[in-house]
Amino acid sequence: MKSAKKLFDLTGKTAIVTGGRGLYGASISAGLAEMGATVIIASRNREKCEELAAELRAKGLKADSGALDLSDDASIEALVDEVLRKYGKIDILVNNAVDRRSMCSLNDATRKKLQDSADTNLQGQIMLSQAVLKKAMIPAQSGSIINISSMRGLDSPHFPFYPDCMGDQPVNYTTEKWAMIGLTKYMAGRYGKDHIRVNAIAPGGFNPNLDPKTNSFVQTYIDNTPLHCWANEDDIKGPVCFLASEAANYVTGATLVMDGGWTIW
(Lines give C-alpha, C1' and ligand atoms only; values in the text may rest on other atoms or scores of the structure.)
Protein backbone atom coordinates (compact mmCIF):
# COMPACT_ATOMS: atom_id res chain seq x y z
CA MET A 1 0.00 0.00 0.00
CA LYS A 2 1.38 3.39 -1.04
CA SER A 3 1.24 6.36 1.30
CA ALA A 4 -1.13 9.19 0.44
CA LYS A 5 1.86 11.50 0.11
CA LYS A 6 3.38 9.19 -2.50
CA LEU A 7 0.11 8.97 -4.42
CA PHE A 8 0.00 12.75 -4.86
CA ASP A 9 3.69 13.03 -5.78
CA LEU A 10 4.34 14.01 -9.42
CA THR A 11 8.13 13.71 -9.32
CA GLY A 12 9.44 12.45 -12.64
CA LYS A 13 6.27 13.30 -14.56
CA THR A 14 6.26 15.55 -17.63
CA ALA A 15 3.27 17.84 -18.15
CA ILE A 16 2.11 20.20 -20.90
CA VAL A 17 -0.16 23.07 -19.85
CA THR A 18 -1.75 25.00 -22.70
CA GLY A 19 -2.51 28.63 -22.00
CA GLY A 20 -0.10 28.03 -19.15
CA ARG A 21 0.60 31.72 -18.57
CA GLY A 22 -3.03 32.80 -18.21
CA LEU A 23 -5.23 33.43 -15.17
CA TYR A 24 -5.77 29.82 -14.21
CA GLY A 25 -2.92 28.59 -16.39
CA ALA A 26 -0.21 30.16 -14.25
CA SER A 27 -1.62 28.52 -11.12
CA ILE A 28 -1.97 25.17 -12.86
CA SER A 29 1.62 25.33 -14.10
CA ALA A 30 2.93 26.32 -10.67
CA GLY A 31 0.89 23.66 -8.86
CA LEU A 32 2.12 20.81 -11.04
CA ALA A 33 5.73 22.00 -10.74
CA GLU A 34 5.39 22.34 -6.97
CA MET A 35 4.32 18.69 -6.82
CA GLY A 36 7.47 17.63 -8.67
CA ALA A 37 6.48 17.55 -12.34
CA THR A 38 8.48 19.06 -15.17
CA VAL A 39 6.01 21.54 -16.65
CA ILE A 40 6.04 22.80 -20.23
CA ILE A 41 4.12 26.08 -20.32
CA ALA A 42 2.76 26.58 -23.82
CA SER A 43 0.91 29.30 -25.70
CA ARG A 44 1.16 31.51 -28.77
CA ASN A 45 3.42 33.86 -26.81
CA ARG A 46 6.41 31.73 -25.90
CA GLU A 47 8.25 34.74 -24.48
CA LYS A 48 5.58 35.22 -21.79
CA CYS A 49 5.59 31.51 -21.07
CA GLU A 50 9.35 31.57 -20.66
CA GLU A 51 9.05 34.40 -18.12
CA LEU A 52 6.88 32.19 -15.90
CA ALA A 53 9.09 29.16 -16.51
CA ALA A 54 12.11 31.19 -15.40
CA GLU A 55 10.28 32.30 -12.25
CA LEU A 56 9.52 28.67 -11.40
CA ARG A 57 13.08 27.55 -12.13
CA ALA A 58 14.36 30.32 -9.84
CA LYS A 59 12.37 28.61 -7.06
CA GLY A 60 14.11 25.31 -7.76
CA LEU A 61 11.21 23.88 -9.77
CA LYS A 62 11.34 22.23 -13.20
CA ALA A 63 9.73 24.26 -15.96
CA ASP A 64 10.16 24.99 -19.64
CA SER A 65 8.27 26.93 -22.31
CA GLY A 66 6.83 26.00 -25.67
CA ALA A 67 5.28 27.73 -28.65
CA LEU A 68 1.76 26.57 -29.46
CA ASP A 69 -0.90 27.84 -31.83
CA LEU A 70 -3.87 25.52 -31.42
CA SER A 71 -5.35 26.66 -34.73
CA ASP A 72 -2.26 25.37 -36.57
CA ASP A 73 -1.72 21.60 -36.85
CA ALA A 74 1.96 22.07 -37.67
CA SER A 75 2.43 24.03 -34.45
CA ILE A 76 0.70 21.30 -32.46
CA GLU A 77 2.89 18.58 -33.95
CA ALA A 78 6.03 20.67 -33.44
CA LEU A 79 5.32 21.20 -29.74
CA VAL A 80 4.65 17.52 -29.07
CA ASP A 81 7.77 16.50 -31.00
CA GLU A 82 9.89 19.07 -29.14
CA VAL A 83 8.70 17.88 -25.73
CA LEU A 84 9.31 14.24 -26.63
CA ARG A 85 12.75 15.05 -28.00
CA LYS A 86 13.76 16.94 -24.86
CA TYR A 87 12.00 14.91 -22.17
CA GLY A 88 11.18 11.56 -23.76
CA LYS A 89 7.56 11.36 -22.59
CA ILE A 90 4.36 13.24 -21.86
CA ASP A 91 2.54 12.00 -18.77
CA ILE A 92 0.07 14.84 -18.25
CA LEU A 93 -1.76 17.14 -20.67
CA VAL A 94 -3.84 20.04 -19.36
CA ASN A 95 -6.07 21.52 -22.08
CA ASN A 96 -6.52 24.95 -20.53
CA ALA A 97 -6.05 27.47 -23.36
CA VAL A 98 -8.97 29.69 -24.38
CA ASP A 99 -8.90 32.11 -27.31
CA ARG A 100 -11.39 34.87 -26.53
CA ARG A 101 -10.75 37.02 -29.60
CA SER A 102 -13.82 35.74 -31.47
CA MET A 103 -16.20 35.49 -28.53
CA CYS A 104 -19.59 36.90 -29.49
CA SER A 105 -23.19 37.03 -28.37
CA LEU A 106 -25.82 35.16 -30.35
CA ASN A 107 -27.04 38.48 -31.74
CA ASP A 108 -23.57 39.31 -33.05
CA ALA A 109 -22.53 35.82 -34.12
CA THR A 110 -21.21 35.16 -37.61
CA ARG A 111 -20.13 31.86 -39.05
CA LYS A 112 -16.54 33.10 -39.22
CA LYS A 113 -16.46 34.20 -35.58
CA LEU A 114 -17.88 30.86 -34.47
CA GLN A 115 -15.47 28.89 -36.65
CA ASP A 116 -12.45 30.92 -35.56
CA SER A 117 -13.31 30.44 -31.90
CA ALA A 118 -13.99 26.72 -32.13
CA ASP A 119 -10.88 26.20 -34.25
CA THR A 120 -8.77 26.83 -31.15
CA ASN A 121 -11.11 26.19 -28.23
CA LEU A 122 -12.49 22.88 -29.44
CA GLN A 123 -10.86 21.54 -32.61
CA GLY A 124 -7.43 22.63 -31.39
CA GLN A 125 -7.88 20.81 -28.08
CA ILE A 126 -8.94 17.67 -29.95
CA MET A 127 -5.97 17.79 -32.32
CA LEU A 128 -3.45 18.36 -29.52
CA SER A 129 -4.98 15.50 -27.52
CA GLN A 130 -4.77 13.31 -30.61
CA ALA A 131 -1.08 14.08 -31.09
CA VAL A 132 -0.24 13.47 -27.42
CA LEU A 133 -2.24 10.25 -27.36
CA LYS A 134 -0.71 8.85 -30.55
CA LYS A 135 2.89 9.85 -29.95
CA ALA A 136 3.22 9.55 -26.18
CA MET A 137 0.41 8.18 -24.04
CA ILE A 138 -0.81 5.19 -26.08
CA PRO A 139 2.74 3.88 -26.65
CA ALA A 140 3.42 4.33 -22.91
CA GLN A 141 0.03 2.81 -21.99
CA SER A 142 -0.46 5.50 -19.37
CA GLY A 143 -1.32 9.17 -19.02
CA SER A 144 -3.69 11.75 -17.62
CA ILE A 145 -5.52 14.36 -19.70
CA ILE A 146 -7.29 17.17 -17.86
CA ASN A 147 -9.69 19.41 -19.77
CA ILE A 148 -10.43 22.78 -18.22
CA SER A 149 -14.10 23.45 -18.81
CA SER A 150 -16.03 25.96 -16.69
CA MET A 151 -19.14 26.32 -14.59
CA ARG A 152 -20.44 27.54 -17.96
CA GLY A 153 -19.99 23.96 -19.13
CA LEU A 154 -22.66 22.93 -16.62
CA ASP A 155 -25.14 25.78 -16.77
CA SER A 156 -26.04 28.90 -18.72
CA PRO A 157 -25.19 32.51 -17.89
CA HIS A 158 -27.79 33.89 -15.49
CA PHE A 159 -28.36 36.94 -17.63
CA PRO A 160 -30.13 39.10 -14.98
CA PHE A 161 -26.89 39.07 -12.95
CA TYR A 162 -24.83 40.71 -15.68
CA PRO A 163 -24.81 44.53 -15.83
CA ASP A 164 -25.17 46.26 -19.17
CA CYS A 165 -21.56 47.42 -19.00
CA MET A 166 -20.39 43.79 -19.34
CA GLY A 167 -22.32 43.32 -22.56
CA ASP A 168 -24.14 40.19 -23.66
CA GLN A 169 -22.54 36.86 -22.77
CA PRO A 170 -20.80 34.91 -25.56
CA VAL A 171 -22.73 32.03 -27.04
CA ASN A 172 -19.56 30.28 -28.20
CA TYR A 173 -17.96 30.20 -24.75
CA THR A 174 -20.90 28.36 -23.18
CA THR A 175 -21.20 26.02 -26.16
CA GLU A 176 -17.49 25.19 -26.24
CA LYS A 177 -17.26 24.60 -22.49
CA TRP A 178 -20.20 22.18 -22.62
CA ALA A 179 -18.44 20.47 -25.54
CA MET A 180 -15.25 20.06 -23.46
CA ILE A 181 -17.17 17.94 -20.96
CA GLY A 182 -18.57 15.80 -23.76
CA LEU A 183 -15.06 15.42 -25.19
CA THR A 184 -13.83 14.36 -21.75
CA LYS A 185 -16.37 11.56 -21.53
CA TYR A 186 -15.66 10.44 -25.09
CA MET A 187 -11.90 10.23 -24.60
CA ALA A 188 -12.25 8.58 -21.20
CA GLY A 189 -14.39 5.85 -22.73
CA ARG A 190 -12.21 5.42 -25.80
CA TYR A 191 -8.77 5.32 -24.16
CA GLY A 192 -9.46 3.71 -20.81
CA LYS A 193 -8.25 0.40 -22.23
CA ASP A 194 -4.87 2.10 -22.74
CA HIS A 195 -4.74 3.03 -19.05
CA ILE A 196 -5.23 6.70 -19.93
CA ARG A 197 -7.47 8.74 -17.68
CA VAL A 198 -9.36 11.77 -18.97
CA ASN A 199 -11.15 14.15 -16.62
CA ALA A 200 -12.40 17.73 -16.58
CA ILE A 201 -12.45 20.59 -14.12
CA ALA A 202 -15.30 23.11 -14.12
CA PRO A 203 -13.95 26.21 -12.33
CA GLY A 204 -16.01 29.14 -11.20
CA GLY A 205 -15.26 32.83 -11.17
CA PHE A 206 -11.70 34.00 -10.80
CA ASN A 207 -10.23 37.25 -12.04
CA PRO A 208 -8.00 39.29 -9.72
CA ASN A 209 -8.49 42.27 -12.01
CA LEU A 210 -12.18 42.52 -11.10
CA ASP A 211 -13.01 44.22 -7.81
CA PRO A 212 -16.42 43.60 -6.19
CA LYS A 213 -16.37 47.22 -5.03
CA THR A 214 -16.47 48.43 -8.63
CA ASN A 215 -17.94 45.45 -10.51
CA SER A 216 -21.52 44.64 -9.63
CA PHE A 217 -21.38 41.19 -11.23
CA VAL A 218 -18.53 40.06 -8.97
CA GLN A 219 -20.44 41.16 -5.87
CA THR A 220 -23.61 39.49 -7.14
CA TYR A 221 -21.66 36.30 -7.83
CA ILE A 222 -20.24 36.35 -4.30
CA ASP A 223 -23.66 37.01 -2.78
CA ASN A 224 -25.23 34.10 -4.68
CA THR A 225 -22.50 31.48 -4.26
CA PRO A 226 -22.78 29.13 -1.25
CA LEU A 227 -19.18 29.80 -0.16
CA HIS A 228 -19.76 33.57 -0.54
CA CYS A 229 -16.41 34.30 -2.15
CA TRP A 230 -14.62 34.73 -5.46
CA ALA A 231 -12.09 32.01 -6.33
CA ASN A 232 -8.41 32.72 -5.72
CA GLU A 233 -5.27 31.74 -7.62
CA ASP A 234 -4.56 28.68 -5.45
CA ASP A 235 -7.99 27.07 -5.67
CA ILE A 236 -7.36 25.18 -8.90
CA LYS A 237 -4.00 23.72 -7.82
CA GLY A 238 -5.49 20.93 -5.71
CA PRO A 239 -8.02 19.67 -8.28
CA VAL A 240 -5.42 19.65 -11.07
CA CYS A 241 -2.73 17.93 -9.02
CA PHE A 242 -5.25 15.36 -7.77
CA LEU A 243 -6.44 14.45 -11.27
CA ALA A 244 -2.88 14.37 -12.60
CA SER A 245 -1.64 12.06 -9.86
CA GLU A 246 -1.98 8.42 -8.85
CA ALA A 247 -4.37 9.61 -6.14
CA ALA A 248 -6.97 9.73 -8.95
CA ASN A 249 -5.89 6.40 -10.43
CA TYR A 250 -9.47 5.08 -10.53
CA VAL A 251 -11.07 8.35 -11.63
CA THR A 252 -11.87 8.90 -15.30
CA GLY A 253 -14.64 10.60 -17.27
CA ALA A 254 -15.42 12.80 -14.28
CA THR A 255 -15.97 16.53 -14.04
CA LEU A 256 -14.62 18.00 -10.81
CA VAL A 257 -16.68 21.10 -10.07
CA MET A 258 -14.74 23.96 -8.47
CA ASP A 259 -17.23 26.81 -8.41
CA GLY A 260 -17.89 27.59 -4.77
CA GLY A 261 -21.19 25.77 -5.11
CA TRP A 262 -22.63 28.06 -7.81
CA THR A 263 -24.11 25.25 -9.92
CA ILE A 264 -25.92 23.46 -7.08
CA TRP A 265 -28.73 26.00 -7.42
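Modeller: A definition is needed at the outset: two strands are taken as paired if DSSP finds at least two bridges between them. The model is a predicted one. Strand β4, residues 92-95, and strand β5, residues 143-148, run parallel and are joined by 4 bridges. On the β5 side, S144 is the bridge partner of I92. This pair of strands belongs to an open sheet of 7 strands, ordered β3-β2-β1-β4-β5-β6-β7, with parallel pairing. Because β3 (63-67) and β7 (255-258) stand at the edges with a single partner strand each, one side of each has no neighbour in the sheet. From one strand to the next, the twist averages 20°.

Helices lie against this sheet. Helix α2 (residues 23-34) lies across β1 (14-18), β2 (38-43), β4, β5, β6 (196-203) and β7, and runs at about 175° to β1. Helix α5 (residues 111-140) packs on the sheet as well, where it touches β1, β4, β5 and β6; its direction makes about 180° with that of β4.

The largest pocket has a volume of about 1,200 Å³. Among the 45 residues that line the largest pocket, L23, V98, R100, Y173 and F206 are the closest to its centre. Two or more lining residues come from each of α2, β2, α6 (171-191) and α7 (216-223). The second largest pocket holds about 380 Å³ of space. Of its 20 lining residues, those closest to the centre are G143, R197, S245, E246 and N249. Here β5 and β6 are the elements that give two or more residues to the lining.

Terms used: Residues are numbered from 1 along each chain as its sequence is written. This is a predicted model: local features need pLDDT of at least 70, side-chain atom pairs count only at pLDDT 80 or more; totals for chains, interfaces and linings use all residues. Side-chain values use heavy atoms; hydrogens and water are left out. Axes are lines fitted to C-alpha atoms, for helices over the stretch in contact, and angles run from 0 to 180 degrees between N-to-C directions. Contact means heavy atoms within 4.5 Å. On a 1 Å grid over the protein atoms alone, a cavity is a set of points where a 1.4 Å probe fits but cannot get out, and a pocket is an open set with protein on both sides within 12 Å along at least five of seven lines; lining residues have an atom within 4 Å of a point. Grid points are joined across faces, edges and corners, and a volume is the space filled by probe spheres set on the points.
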